[in-house]
Amino acid sequence: MTDCRICAGPLTEFLDLGAQPNSDAFPRPGETDGEFFYRLAVGRCGSCTMVQLMEEVPRERMFHRDYPYVSSGSSVMREHFESTARQLLATETKGPDPFVVEIGCNDGVMLATVSDAGARHLGVDPSEGVADRARARGVRVRTAFFEEATALDIAATEGRADVVYAANTLCHIPYLDSIFRGLDALLKPDGVFVFEDPYLSEIIERTSFDQIYDEHFYFFTARSVRNMVRRYGFELVDTVRLPVHGGEVRYTIARQGARVPTAAVAELLADEDHKALAEPATLERFAAEVRRIRHNLTALLTRLRAEGNRVVGYGATAKSATVANYCGIGPELVSCVYDTTPAKQDRLTPGSHIPVRPSGAFSDHYPDYALLFAWNHAQEIMSKEEGFRAVGGKWIVYTPEVRVL
Ligand code: SAH
Ligand code: TYD
Ligand code: ZN
């Protein structure tokens, strides 16, 4: 039996998504032997309510020199992080010579704005390839996993931080005890830790089970975050709901007693109680919905193939690894996937081995149907690919339910 990574309480599994590969490991054609698989299943802690993976994939298997995900691939996300940077600079960096640290800075999509403003900053990211992209745009980066030792070293060599920020990264880190001990050493007495990640409430409401994959170890709620940070002498002092990536929450964490929690925190906690979010019955219902979507999606794709349609995928997302491998979708149902990321192109999707093609080629030969794996970027992609609909092409989505648009 597995114990909770936060409090060692008992975990109860509620969803098994089967054998899955690394969601961001795209093999070359002919090099699929020896692909790594693990069991993707999710459970809930009976003591602290934290929802988490039952099995942990070693971090070096996921985050390394060739990690292919680049944050700047979406214009909506570029704008989101630019305004985030401006907001952090305006509200959290008041003294002389402020210092901003980001955990998981990737290609510098957020810190580039901080750097351009002339503020002292440091990104920490273990994935050398994306870190080099950040450096190329004037962002200072340490190629390392952020953990207690890294934080102690940064504090000793560069001083303490006014704000530490992490987007779509804290939920990737099983070893949060080390992270929070590190934050305790790195933050100034009145410094804050601000992080944003997919919100369990949205995942349940949209049945977006594809948010569950190797890199997403935790699925936070205001309740589970509040319980967790208290263990390390911190307090949840603000929450903001964000529309990006299918619905996230930005949490602000301060030292206990340093700030008065905003009304938003109490409101979100009350809303979670009202929805019985993270209650066993709610999670069991979610799991049943996931199985229903698998049935409906494979039935639709099988019928479309039988009718002679050409169906492709759009967006070789990490999320799509869960969908393809859980539903048994391979090249016979979805002939290729279009994606803008050079490091994914001319490779195969993890586990399901669907060829990835440059998205520029989508319009060369429109398919009959396109399965929108990057549904979180639906508006951006559908407006960019208006020509597809114009020739009678149809989008397929599978969240919140399987639909042809
Ligand atoms: N913040 C960006 C990137 C998210 S992808 C965005 O929101 O788009 C997650 C990033 O976290 C990857 O670049 C990965 O290399 C990095 N990462 C994973 N574990 C980390 C750790 N322990 N410390 C710092 N970065 C980490
Ligand atoms: P994203 O949904 O951001 O994350 P994850 O991989 O964590 O699930 O990934 C978006 C993917 O879709 C990425 O590989 C780039 C691709 N993409 C396009 O091909 N075209 C686009 O217009 C956009 C916005 C993304
Ligand atoms: Zn727990």
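In this predicted model, strand E8 (residues 187-198) pairs with strand E11 in the antiparallel sense, the two being joined over six bridges. Within that pairing, valine 194 stands opposite threonine 252 in E11. Strand E11, which spans residues 248-255, is mostly covered, since eight of its eight residues are buried. A further partner of E11 is strand E10 (residues 234-242), which runs antiparallel to E11 and is joined to it by eight bridges. Here valine 240 stands opposite arginine 250 in E11. The hairpin of E10 and E11 has five residues between the strands, and in it histidine 245 takes a positive phi near 50°.

E8 also pairs with strand E7, in this case in the parallel sense and over six bridges, with valine 164 standing opposite phenylalanine 193 in E8. Is strand E7 enclosed by the rest of the structure or left open? Seven of the seven residues of E7 (residues 161-167) are buried, so the strand is largely enclosed by the rest of the structure. E7 is joined in turn to strand E4 (residues 99-103) by three bridges, and these two strands run parallel. In that pairing valine 100 stands opposite valine 163 in E7.

Glycine 191 and aspartate 162 are 29 residues apart in sequence, yet from C-alpha to C-alpha they are 4.5 Å apart in space.

Another sheet can be followed through strands E12 to E17. Six strands form this open sheet in the order E14-E13-E12-E15-E16-E17, with mixed pairing. Strand E14 (356-358) and strand E17 (403-404) stand at the edges and have a single partner strand each, so one side of each is left without a neighbour in the sheet. Further in, strand E15 (residues 369-372) and strand E16 (residues 394-397) pair in the parallel sense over three bridges, and the bridge partner of alanine 370 is tryptophan 395 in E16. Helix H10 (residues 280-306) lies across strand E12 (311-314) as well as E15, E16 and E17, and runs at about 150° to E16.

A search of the whole structure finds two cavities of 30 Å³ or more. The largest cavity has a volume of about 40 Å³ and is lined by Phe14, Val42, Val51, Leu200, Ile203, Ile212, Phe219 and Phe286. The residues of this lining divide into eight nonpolar, no polar and no charged. One of them, Phe286, lies within the residue range of helix H10.

The second largest cavity also has a volume of about 40 Å³, and Ser320, Ala321, Ala324, Val337, Thr349, Pro350, Ser352, Ile354 and Phe373 line it. Which helix gives the most to this lining? Helix H11 (residues 318-327) does, with three residues. The lining of the second largest cavity divides into six nonpolar, three polar and no charged residues.

Helix H1 (59-62) and helix H4 (128-136) each supply at least two residues of the lining, and H4 gives the most to it, with three residues.

Methods: Residues are numbered from 1 along each chain as its sequence is written. Chains are lettered from A and ligands numbered from 1 in the order in which they are written. This is a predicted model: local features need pLDDT of at least 70, side-chain atom pairs count only at pLDDT 80 or more; totals for chains, interfaces and linings use all residues. Side-chain values use heavy atoms; hydrogens and water are left out. Two strands pair if DSSP finds at least two bridges between them. Helices (H or I, at least four residues) and strands (E, at least two) are DSSP runs, numbered from the N terminus. Contact means heavy atoms within 4.5 Å. Axes are lines fitted to C-alpha atoms, for helices over the stretch in contact, and angles run from 0 to 180 degrees between N-to-C directions. On a 1 Å grid over the protein atoms alone, a cavity is a set of points where a 1.4 Å probe fits but cannot get out, and a pocket is an open set with protein on both sides within 12 Å along at least five of seven lines; lining residues have an atom within 4 Å of a point. Grid points are joined across faces, edges and corners, and a volume is the space filled by probe spheres set on the points. Ala, Val, Leu, Ile, Met, Phe, Trp, Tyr, Cys and Pro count as nonpolar, Asp, Glu, Lys and Arg as charged, and the others, Gly among them, as polar. Buried means under 20% relative accessible area, exposed over 50%, partly exposed in between (1.4 Å probe, protein chains only).
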